[in-house]
Amino acid sequence: MPTSPASSNAADWQPTASLETLRLRARLLRETRDFFDARGLVEVETPQLSAAAATDLHLESLAVTAPGGGLRGWLHTSPEFPMKRLLAAGSGDIWQLARVFRGAERGRRHNPEFSLLEWYRVGWDAPRLMDEVDALLRSLATGRVTLGPTERLSYRAAFLRHAGFDPFLAETAEMLAALASAGVPTPPDLAADREACLDLVLATRVEPAFDPGRPTFVHDFPATHAALARIRPGEPAVAERFELFLGGMELANGFHELTDPAEQAARFDADLAARGARGLVEPPVDGRLLQAMRHGLPDCAGVALGFDRLVMILAGAAHIDAVLAFPWGHC
């Protein structure tokens, strides 16, 4: 019998997570189910393989092609689109723990295949959903990790406090200067991309300044960072979006969801144009999602939380491999 070429290490078959950690993970999953069951949410399952893919500029969907070319699909980066189709069909509040896939993501906090906890609340807005995310965190942390008091900061307040400038008013040159003063290397073309510049400041100046033991929500992002969130008019207009940071990393991303199909289609088109300009793959748009939105997506808020990262925090693990049985490179 031929040996597998995938590994030459005799001990490579063993899990990278300890059995104790895997048992903790199982308990956390059971407690998560209990949390949502007690609140009346319905657990759902949606496909991992789809005819469409994410158009987001910052996500790399993995393509799947059958031998002979009989089937070509995409492994999903999130269960968001089919879950929204369920919402449009009248499902009510729903949740799932999905295995998702993202290319070009491997490191201390990243594995190309990971578990994403995603849920949607009909009739809720972003602040109310932040309350529930915080409640879930504290429920799962009880008896395991002591969390500090939760803090909520607007995107503007977070930048003013930790980067020293207003992200809605600052010129790119001011942002580059803030990065240079912190010794953060920048690519030569960053000056031409204001949104990428803001993202780098958030990742290198703002996020590291948060207390790792204290859940910190950042909300009211610039409209240019809306993704799939609705935009609230004002001076400036802001995206009704939030991110949660804990344990020195981003843990969750939530939206008061966009429900306008015409605006959603326009955002898909803008994403594809941006991808084309950068020489990136332009995947097929999910037309079924747009059909569902035309039928009527109810007013709702949704959030995606990295379950593996949450297990890292509650297990005191420094690397994602320590909470996965067989991460990439070991499977």
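This is a predicted model: local features need pLDDT of at least 70, side-chain atom pairs count only at pLDDT 80 or more; totals for chains, interfaces and linings use all residues.
View 1. Two elements, α1 (19-38) and β5 (94-101), each give two or more residues to the lining of the pocket. The biggest share comes from β5, with four residues. Rolling a probe the size of a water molecule over the atoms shows where such empty space is left.

**View 2. Residues lining the second largest pocket.** The lining consists of L29, R33, E43, V44, E45, T46, Q48, H76, Q96, L97, A98 and R99. Sorted by class, four of the lining residues are nonpolar, four are polar and four are charged.

**View 3. The largest nonpolar core.** This core has 37 residues. Those with the most contacts inside it are F36, W119, L129, V133, F242 and L251. At least two core residues are supplied by each of α1, β6 (113-122), α3 (126-141), β10 (238-246), β11 (249-256), β12 (300-306) and α9 (307-315). Of the elements, α3 gives the most to this core, with eight residues. In soluble globular proteins, nonpolar side chains tend to be buried together.

**View 4. The surroundings of F36.** F36 is one of the residues with the most contacts inside the largest nonpolar core. Leaving aside residues up to four places away in sequence, F36 touches L41, W95, L117, W119 and L136. Among these partners, W119 is also listed with the residues that have the most contacts inside the core.

How values were computed:
Residues are numbered from 1 along each chain as its sequence is written. Side-chain values use heavy atoms; hydrogens and water are left out. On a 1 Å grid over the protein atoms alone, a cavity is a set of points where a 1.4 Å probe fits but cannot get out, and a pocket is an open set with protein on both sides within 12 Å along at least five of seven lines; lining residues have an atom within 4 Å of a point. Ala, Val, Leu, Ile, Met, Phe, Trp, Tyr, Cys and Pro count as nonpolar, Asp, Glu, Lys and Arg as charged, and the others, Gly among them, as polar. A nonpolar core is a set of buried Ala, Val, Leu, Ile, Met, Phe, Trp, Tyr and Cys residues joined through side-chain atoms within 4.5 Å. Buried means under 20% relative accessible area, exposed over 50%, partly exposed in between (1.4 Å probe, protein chains only). Contact means heavy atoms within 4.5 Å.
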